[in-house]
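The following exercises concern one protein chain. Each consists of a task and a solution worked in steps.

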Amino acid sequence: MDTTPRTEDELAGLDIAALLRYGLTAAPGPLRTSLFGDGAVGAAVLLDRAGTEPRSVAYLADTVRAGGPAHAAALPEPLPRPPAAALVREWLEAAASVSSGPETGDTAARWLRSVATIIEVRRRTRG
């Protein structure tokens with residue numbers, strides 16, 4: 001496993017949709033770790049830069065848990081700001097493409113909760 005530190009720009013440049021496609025249904029291991037590690041941080045950096053509130057991402061996580069990624073992707077505005085909504089829609093569509101089962105939806109919801117937590121921590125530590 002590569003333990004080289006990455007910059008925010010490198011993390012923001014990751015293909016989050018690909019990480020979701022491969023990590024959501026993967027058994028615990030490197031793919032899942034990449035999704036919940038670098039992938040969650042990269043997603044948080046992108047959404048934070050787009051001005052997304054952590055509570056909006058947490059609310060979206062609840063929506064994904066209740067209706068699944070495909071349902072959330074079909075929402076006219078999954079997040080309040082258009083740039084953030086476009087980003088997250090791509091991610092939700094990637095998540096929906098791998099499985100429609102409840103386990104995948106629950107994992108996607110946990111991942112979004114992680115992203116929301118990281119955004120909150122970033123904001124609190126910035127001062």
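**Exercise 1. Classify Glu93 and Ala70 by accessibility, and state how far apart their C-alpha atoms lie.**

Solution. Step one: Glu93 has a relative accessible area of 45%, so Glu93 is partly exposed; buried means under 20% relative accessible area, exposed over 50%, and partly exposed in between, with a 1.4 Å probe and protein chains only. Step two: Glu93 is placed in helix H6, where helices (H or I, at least four residues) and strands (E, at least two) are DSSP runs numbered from the N terminus. Step three: Ala70 belongs to helix H5 and is partly exposed because its relative accessible area is 48%. Step four: 23 residues separate Glu93 and Ala70 along the chain, and their C-alpha atoms are 6.3 Å apart. For Ala70 and Ala94, 24 residues apart in sequence, the C-alpha separation is 9.1 Å.

The model is predicted: local features need pLDDT of at least 70, side-chain atom pairs count only at pLDDT 80 or more, and totals for chains, interfaces and linings use all residues. Residues are numbered from 1 along each chain as its sequence is written, and side-chain values use heavy atoms, with hydrogens and water left out.

**Exercise 2. Describe the secondary structure and overall dimensions of the chain.**

Solution. Step one: the chain contains seven helices and zero strands. Its pattern, read along the sequence, is α-α-α-α-α-α-α. Step two: the C-alpha trace spans about 35 × 35 × 20 Å along its principal axes. Step three: the radius of gyration of the chain is 13 Å, which agrees with the value near 14 Å that a compact globule of 127 residues would have. This radius is taken over C-alpha atoms, and the globule rule is 2.2 Å times the number of residues to the power 0.38. Step four: of the contacts in the chain with a separation of 6 or more, 72% join residues 24 or more positions apart, a contact being heavy atoms within 4.5 Å.

**Exercise 3. Characterise the surface and the charges of the chain.**

Solution. The areas come from the Shrake-Rupley method with a 1.4 Å probe; for residues, only the protein chains shown count as cover. Step two: buried residues make up 42% of the 127 residues. Step three: there are 14 positive and 15 negative side chains; Lys and Arg count as positive, Asp and Glu as negative, while His and the chain ends are not counted. Step four: the centres of the two sets lie 4 Å apart, with each charge placed at NZ of Lys, CZ of Arg, CG of Asp or CD of Glu.

**Exercise 4. Are Leu20, Asp48 and Thr107 buried or exposed?**

Solution. Step one: Leu20, in helix H2, has a relative accessible area of 2% and is therefore buried. Setting aside neighbours within four places in sequence, Leu20 contacts Leu35, Trp91 and Trp111. Step two: Asp48, in helix H3, counts as buried because its relative accessibility is 7%. Step three: Thr107 is located in helix H7 (residues 102-126) and, at a relative accessible area of 6%, is buried. Not counting residues up to four places away in sequence, Thr107 touches Leu24, Arg32 and Phe36.
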